[in-house]
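Please keep the sequence and the coordinates at hand while reading.

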Amino acid sequence: MEKTVAEVINDTKHLLYNIHMGQKKKVCNQCTKNILWKYNYNSAEGILNDELMKNINILINPSEIQKIKHINHRINRQFVNHIIITGMYCIYKSIDKIIKEYYFDYTINYVDDMACYIHIILVENNNIPARVYNIVSVKEHIYNIPETYILYIEAMGSHTLWHGISFTIEAVTSLKDIENKMSEEFIKIHRSYIVNRRKVKKIRRCAAIMENGDEVPIPYKKYVATKDKLMIN
């Protein structure tokens, strides 16, 4: 019976998850025996051989994976039994409560519901799409704001103020609720403030000066450590 688009997407999500988690037996159940692999610039043939697994796990150890989020996909049905799916996903890696994001492009060929070709490639930083945050205001308006537009976020009781160059949005979520959901570009420099480190124009004693001239306080005792975190590599 021909698989639906939803079933193909679901199979692909499970396959990619099992690959990064090192679940060899489960991967074998979804692939042909003579599958062709390509991970970044390394090619291999056969079901998750040790060399390929080593290359995959160098960057992200399975124990460090917090979640895998699929961003987009496109399916091309060549024939009834031949399907090509390509897209992008993100792996959230957690070390000492610090979350890092790694984006991957992928292409998978299925024949008779079994993967016969898998190509996974790490996306370079300058090609990573800007993350978009879904913000619900106190007036129940919904805003989709790219992180590159956000300067800093300020706590205001159980709400937050999202500050940009040309906007301020009062949102219904608290700073505590969003703290661990922000990308690594956002640094909590004060119990009431999270800043976009790429929007910090200048750092001076006990304050971060944002692109719009706003001053965000830095606690005296945390100044040195915070200054190091705000430095752009």
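A patch, as the word is used here, is made of residues with over 30% relative accessible area and no salt bridge, and nonpolar side chains are joined into one patch within 5 Å. In this model, which is predicted, Val 136, Val 138, Ile 142 and Val 172 make a nonpolar surface patch of about 310 Å². Ile 142 belongs to strand β8, residues 142-146, and its relative accessible area of 58% makes Ile 142 an exposed residue, because exposed means over 50%.

## Overall architecture

The protein chain has five helices and 16 strands, and its C-alpha trace spans about 60 × 40 × 25 Å along the principal axes. Of its 233 residues, 41% count as buried, while the accessible surface comes to about 13800 Å², with 50% of that surface belonging to carbon and sulfur atoms. Among the contacts with a separation of 6 or more, 45% are accounted for by residues 24 or more positions apart.

The largest nonpolar core has 27 residues, and the members that touch the most other members are Leu 15, Ile 108, Ile 118 and Ile 120. Two or more residues are given to this core by each of the elements α1 (5-20), β1 (31-39), α3 (50-59), β4 (82-95), β5 (98-111) and β6 (114-122).

What does Leu 15 touch, not counting residues up to four places away in sequence? The residues in question are Val 27, Gln 30, Cys 31, Ile 108, Tyr 110, Ala 115 and Ile 118.

Helix α5 covers residues 223-230, and within it Tyr 223, Thr 226 and Leu 230 are buried. Seen down the helix axis, the buried residues of α5 fall within an arc of 65 degrees, so they line one face of the helix.

On the face turned away from the buried side, α5 carries the exposed residues Asp 228 and Lys 229.

## Salt bridges

Side chains of opposite charge can pair when their charged atoms come close. A search of the whole structure finds six salt bridges. One of them joins the side chains of Asp 11 and Lys 3, with an N to O distance of 2.3 Å, and Lys 3 counts as partly exposed at 24% relative accessibility. Another is formed by Lys 188 and Glu 179, whose closest N and O atoms are 3.3 Å apart; both partners count as partly exposed, Lys 188 at 36% and Glu 179 at 32%.

Glu 185 forms a salt bridge with Arg 197, and here the closest N and O atoms are 3.3 Å apart. Glu 185 lies in the loop between α4 (175-179) and β12, whereas Arg 197 lies in the loop between β13 and β14, so the pair ties together parts that are 12 residues apart in sequence. Both residues are buried, with relative accessible areas of 13% for Glu 185 and 12% for Arg 197. Glu 185 and Arg 197 are also linked with Arg 198 in a network of salt bridges.

Terms used:
Residues numbered from 1 in each chain as written. Predicted model: local features only at pLDDT ≥ 70, side-chain atom pairs only at ≥ 80, totals over all residues. Heavy atoms only, no water. Buried < 20%, exposed > 50% of the residue type's maximum accessible area, 1.4 Å probe, protein only. Helix = DSSP H or I, 4+ residues; strand = E, 2+ residues; numbered from the N terminus. Arc of directions from axis to C-beta. Core = buried A, V, L, I, M, F, W, Y, C linked by side-chain atoms within 4.5 Å. Contact = heavy atoms within 4.5 Å. Patch = residues over 30% accessible without salt bridge, like charges linked within 9 Å, V, L, I, M, F, W, Y side chains within 5 Å. Areas by Shrake-Rupley, 256 points an atom, 1.4 Å probe, with all protein chains shown as cover. Salt bridge = Lys/Arg side-chain N within 4 Å of Asp/Glu carboxyl O.
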